[in-house]
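Work through the following exercises with the sequence and the model open. Each task is followed by a solution in steps.

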Amino acid sequence: MNIGVCVKMTANADARIKINGDATGVDMAGIKVVVSDYDEYAVEEAIRTKEKHGGEVVSFTVGDKSNDKLIRSGALALGVDRSIIISDDDAKAAGALGVAKVLTAALQKNLEGCDILFTGKASIDDGSAQVGAMMAELLGWAQVTKVLSLEIDGTTFKATRQMDAGVRQVVTGTLPVVITCEDGLNTPRYAKLPNIMKAKRKPLAQISVADLGLDAAGVAPKASTLRYELPPTRPAGRIIDGDAATAAKELVRLLRDEAKVI
Amino acid sequence: MSGILVFAEHADGAFKSTATELIGKAAELATALGTTVTAAVLGDAPAADLGAAGAAKVYQAAGDFAAYDTGATTDALAAIIREAQPDIVLATASFAASDAFPRLAARFDSGMASECTNLTIEEGKLVGRRPMFSGKCFGSVTVSSSPALFTVRPNSFTQPASTGGAADVVAVAWEATSAALTVVETLATDSAGIDLTTADKVVSGGRSLKSVENFDKVIRSLASTMGAGVGASRAASDAGYCSHSEQVGQTGQMVNPSLYIAAGISGAIQHLAGMRTSKVIVAINKDADAPIFEHATYGIVADLFEVLPAIDAEIRALG
Ligand SMILES: Cc1cc2nc3c(=O)[nH]c(=O)nc-3n(C[C@H](O)[C@H](O)[C@H](O)COP(=O)(O)OP(=O)(O)OC[C@H]3O[C@@H](n4cnc5c(N)ncnc54)[C@H](O)[C@@H]3O)c2cc1C
Ligand SMILES: Nc1ncnc2c1ncn2[C@@H]1O[C@H](COP(=O)(O)O)[C@@H](O)[C@H]1O
């Protein structure tokens, strides 16, 4: 069984976000870039699937040329066999749908007989939660989003997904399928030193949108972020002093008379 | 191509409050754009009633949609979009819409903005304002293609006043073409009471509650006194002090109440992602340096086991 996994590089979750001068983007200077949180679960599940069912795991990234180091440590050193990075300007300019088209073409051209594709449930920068389902549609595959557990048996799968208000649902279907990974699906492993060394020799290809037979117009964004802004600053919070009874009394007064929420 | 189509979800024979909320907002936007609002309904529901919220016409696809299926929902909504030819399609960012709308975007080769918390019109175009980077910044997004797809978080708008009219209902035929899944089991939530995502007030507890008994005694009782929903951090729900469905944050519920009380919650970025749009935030924490205080409107640095019962007593005294 061949396995695809999408890996996006994003600002780390704890990064302090600043907006650039003309509000057209986030100022990434000094921000540590990491594998997007939910993609760590995707990588882990891809490797576990291979360990159980055999085959090859290939990772796909639309990002920067310089992402190669992180792909080696965050994917290849963990057990991914090969990695593909699409890093030209056309790829970088693509919106969610464009990225989905690029990743789908890369998967189709570079991984024959792929039965299962893992993505994160959402990236932690854009957080649009679109790319996985878009790829499923472009591939004509089934999808299960926000997956908490997964079993594969021959050509069928059984997955538990996280729905609204804590409702979970167990579904079954036939491969091929796109799985978007929710927190809790697994516990991602750490890279072992010998594997970090080995990862240096694993194949990693840097390709362009044109290499995939696509062009700039075909992957151009259909949705654009006109401007970025920080959340409205909350007026500095007020710390209420005094013993428990006094503080509680004052809080209730403020909630009623000042904030008018009770 | 014209108009705004709203995907109106229903359960147990009634439309969800999020559906009427969104139709109400769509009616306001449509007036500004000089266009009309229609609704899309899948399966058995009193479609004509949506007229009262502001839908002029309702497109209804027959079938059994009780157990959600990506393929059926996508195929039926695609048939409705082909029939209605809307410029804009709106949905609440429920599981169903979040799962099916990106597929629709790919099918119609069009753009989508997810989980908006506001919709406005700028220079004749719909703009969705949406949290990014776990809510640490907002982006204002427009879609240049048609139909432009937007999902919106619950509780972003107020309920419309009923206009009383009945909508015209048009039946739309559709064909299942996408891969279908089989639902084996639905594991219902064990949480009772107020729906967190639409609650006006939420009381949340964290790891520091230490047991189910404490959680019930301190968090649930205050929530009940206040008529508030009950929330929790992942540390609390993972530890089993409350139901998983009560977890607030990036992997849990997104809440947007006018009052959020965080008791013994440190304020990790993943928790903040689910509640930072709350109008008033109250933090109660022993540690004056806890990050939650940076986001709090009011803070009390103290032991929650002393403060929460005192708040409870104080509110009861108000009557
Ligand atoms: C991919 C991913 C997704 C995640 N998703 C979520 C999510 O959706 N929701 C979520 O909440 N977390 C999520 N987390 C976890 C998150 O990072 C934090 O670990 C979690 O929110 C911490 O919960 P807590 O605040 O209850 O616990 P802690 O961080 O341990 O904080 C406990 C707090 O209680 C205070 N305290 C202790 N005793 C008392 C007392 N008697 N009175 C008053 N204060 C007291 C302490 O000072 C401390 O600030 C996620 C993490 C990851 C990696
Ligand atoms: N640029 C990208 N490169 C590789 N994978 C991506 C990229 N963008 C999104 N994905 C995948 O799609 C998931 C959902 O992303 P998003 O739709 O941006 O929330 C991510 O968790 C990734 O697995």
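**Exercise 1.** How many bridges join strand E14 (residues 201–205) of chain B to E16(B), and in which sense do the two strands run?

The model is predicted: local features need pLDDT of at least 70, side-chain atom pairs count only at pLDDT 80 or more, and totals for chains, interfaces and linings use all residues. Residues are numbered from 1 along each chain as its sequence is written, chains are lettered from A and ligands numbered from 1 in the order in which they are written, and side-chain values use heavy atoms, with hydrogens and water left out.

Step 1. Strands (E, at least two residues) and helices (H or I, at least four) are DSSP runs, numbered from the N terminus. Two strands pair if DSSP finds at least two bridges between them.

Step 2. E14(B) and E16(B) run parallel and are joined by 5 bridges. Within this pairing, Lys201(B) has Leu259(B) as its bridge partner.

**Exercise 2.** Why is strand E16 of chain B largely enclosed by the rest of the structure?

Step 1. Buried means under 20% relative accessible area, exposed over 50%, and partly exposed in between (1.4 Å probe, protein chains only).

Step 2. Leu259(B), Ile261(B) and Ala263(B) on one side, and Tyr260(B) and Ala262(B) on the other, are all buried.

Step 3. Since 5 of the 5 residues of E16(B) (residues 259–263) are buried, the strand is largely enclosed.

**Exercise 3.** Where does ligand 1 lie, and which atoms contact its oxygen atoms?

Step 1. Ligand 1 lies between chains A and B. It is surrounded by 29 residues (a heavy atom within 4 Å).

Step 2. Polar contacts are pairs of N or O atoms within 3.5 Å. An oxygen atom of ligand 1 is 2.7 Å from a side-chain N or O atom of Ser266(B), and one is 2.8 Å from a side-chain N or O atom of Asn285(B). A polar backbone atom of Gly264(B) is 3.1 Å from an oxygen atom of ligand 1.

Notes
A polar contact is a pair of N or O atoms within 3.5 Å; within protein, one must be able to donate a hydrogen and the other to accept it, and residues adjacent in sequence count only if both atoms are side-chain atoms.
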